[in-house]
Amino acid sequence: MTNSKQHNDWSDVFVNIDPTAEPHYLNAISHTAQQLSTMITAIDAPYSGLEPAQLNELIKAMPIGKAPIAPLADIISNNVDLIGKNSIIVQHPHCIAHLHTPPLIPALAAETIISALNQSMDSWDQASSATYVEQKMTDWLCELFGYNLEQSATSNGADGVFTSGGTQSNLMGLLLARDRAVEQISGESVQKDGLPSYAKKLRILCSQTSHFTVQKSASLMGLGERAVVTVATDEFGRLDMNALTATIADLQSQDLIPFCVVGTAGTTDLGAIDDLQAIAAISEQHSMWFHVDGAYGGALILSSHRDRLAGIELADSISTDFHKLFFQPISCGALLIRDKHNFKYLLHHADYLNRETDELPNLVDKSIATTKRFDALKLLMSMQALGTDKFGAMYDHLISLTQDVAALVTATDKFELLAQPQLSTVLFRYNDDVTIEHEEEISVINQRLRLDLLTAGQAVLGETKINGYTCLKLTILNPCLQLNDFQSLFTKIADFAAEQDYIK
């Protein structure tokens with residue numbers, strides 16, 4: 001028989017509903033916030049510079065025992081001191097490699113609520129208010145991107161669901177496209193019967209610069225990466241419409257079945273935004289599903305540049321990612337679909353969870369995830385605290401700043417701009433007047449320079465390839481940055497490279 005006193009002793013490690021209990025939760029959260037704030041405000045580098053192997057050994061040596069190793073306050077402090085101080089500091093102006101933003105304070109406050117309430121977003125009886133909040137935010141997003149929530153002659157009304165990010169959203173959009181195509185072609189149900197006999201003929205089209213998750217999704221769906229046909233791009237990295245039309249015709253002439261076109265609103269490297277209106281027209285002409293990967297550039301819908309997304313409202317599905325240009329803590333994304341009837345391809349009833357007789361909404365009906373976080377609250381509280389105009393102003397600043405940074409690169413002898421920015425990425429390389437005959441050497445130098453800057457704690461830069469050249473990448477997503485932050489960054493890079501004597 002369980003000892004009741006022993007059971008009561010466990011209450012100090014849970015959020016207690018007893019108002020007379022000791023405030024263990026409040027003390028822990030307050031201490032954590034204080035420790036993190038003190039650590040971050042004392043940081044003077046994007047990474048500590050601790051050797052990676054040494055950091056790994058220190059973390060492997062962290063004790064876990066049968067009994068508590070220390071009071072919780074000490075454990076919090078020790079973890080902030082080791083793990084926090086040796087993390088990549090996204091708030092630092094020289095942390096600028098990836099689509100990885102500093103998170104908004106309202107969203108961090110929401111994270112506290114989310115973690116304490118621990119709502120499970122699969123069924124209403126696990127997430128009462130949370131279910132309605134997510135539906136409110138997906139409705140708001142659908143309208144923001146130009147979808148109609150009401151039933152019409154061409155749609156049952158739009159809907160959406162929150163996801164872990166662009167990868168899951170892209171997978172879900174392409175999965176719905178596949179299942180609808182099979183149903184239209186042969187009346188079969190992939191959900192019930194598996195892939196049809198002609199599955200090897202199914203093809204997804206996207207640009208050469210589309211995100212790798214298109215191929216990854218095709219693999220996970222049983223079609224294989226070879227089912228993805230990449231189409232040539234124009235000089236700006238956008239899907240070439242003539243090439244798209246020719247590719248569709250070529251595939252059809254081979255008795256293959258192109259069933260989906262993926263348009264990209266913001267490629268990872270160039271920031272290219274495809275001509276979404278033109279893709280929509282071609283997709284409709286061939287009865288193909290049109291999916292837009294808006295994980296990066298979808299946020300422009302709130303900016304003065306929203307016209308660059310013209311045609312996104314014509315897509316059958318849209319992926320958007322809030323832990324990028326919406327500045328939300330990881331992870332937070334959504335899939336929106338123009339016709340909510342297509343969520344039927346995900347629906348499966350379980351007697352213990354989402355019964356067919358249920359009158360209250362269960363979000364698991366339209367998700368590939370069962371247990372899922374209450375991430376919609378982060379976006380709601382951020383929008384309430386800042387307002388959409390401030391988000392738009394931040395995006396406008398970032399795009400303008402990116403152009404200024406590109407001009408700064410062009411004006412600096414030791415750096416070479418490799419592409420004109422289209423969104424908020426700058427592709428460049430360090431060359432220090434090395435002649436064109438030394439292309440291979442320049443690539444090696446830039447590869448070494450990026451890694452050495454990172455491990456020395458000087459700067460966190462991206463690395464990619466453009467037109468065959470290895471280059472460095474700045475992904476400018478921190479609206480607090482100004483041009484002088486980049487002037488000091490380029491000085492630091494040039495000085496560091498000179499000290500390493502890369503050029504001999």
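## Overall fold

Among contacts in the protein (heavy atoms within 4.5 Å) between residues at least 6 apart in sequence, 70% join residues at least 24 apart. This is a predicted model, in which local features need pLDDT of at least 70 and side-chain atom pairs count only at pLDDT 80 or more, while totals for chains, interfaces and linings use all residues. Residues are numbered from 1 along each chain as its sequence is written, and side-chain values use heavy atoms, leaving out hydrogens and water.

The protein holds 15 helices and eleven strands; these are DSSP runs numbered from the N terminus, with helices (H or I) of at least four residues and strands (E) of at least two. Its C-alpha trace spans about 80 × 65 × 40 Å along the principal axes. The radius of gyration of the protein is 25 Å, which agrees with the value near 23 Å that a compact globule of 504 residues would have; the radius is taken over C-alpha atoms, and the globule rule is 2.2 Å times the number of residues to the power 0.38.

## Surface and burial

Of the 504 residues, 49% count as buried, meaning under 20% relative accessible area with a 1.4 Å probe and protein chains only.

## Two nonpolar cores

Now to the inside. A nonpolar core is a set of buried Ala, Val, Leu, Ile, Met, Phe, Trp, Tyr and Cys residues joined through side-chain atoms within 4.5 Å. The largest one has 93 residues, and Leu244, Leu474, Phe486 and Phe490 touch the most other members. Helix H13 (residues 388–410) gives this core its largest share, nine residues. Apart from it lies another core, of 30 residues, including Ala181, Val182, Ala218 and Met221.

Beyond four places in sequence, Leu474 touches residues including Ile96, Val405, Phe428, Leu461, Phe486 and Phe490.

Arg178 sits in helix H7 (residues 166–186) and counts as buried because its relative accessibility is 8%. Neighbours within four places aside, Arg178 is in contact with Val190, Leu195, Leu202, Met221, Leu223 and Phe259.

Ala295 belongs to the loop between strand E5 (289–294) and strand E6 (317–321). With a relative accessible area of 10%, Ala295 is buried too. Setting aside neighbours within four places, its contacts are Gly166, Ser319, Thr320, Asp321 and Lys324. Cys260 is 35 residues from Ala295 in sequence and 18 Å from it in space, C-alpha to C-alpha.

Notes:
Buried means under 20% relative accessible area, exposed over 50%, partly exposed in between (1.4 Å probe, protein chains only).
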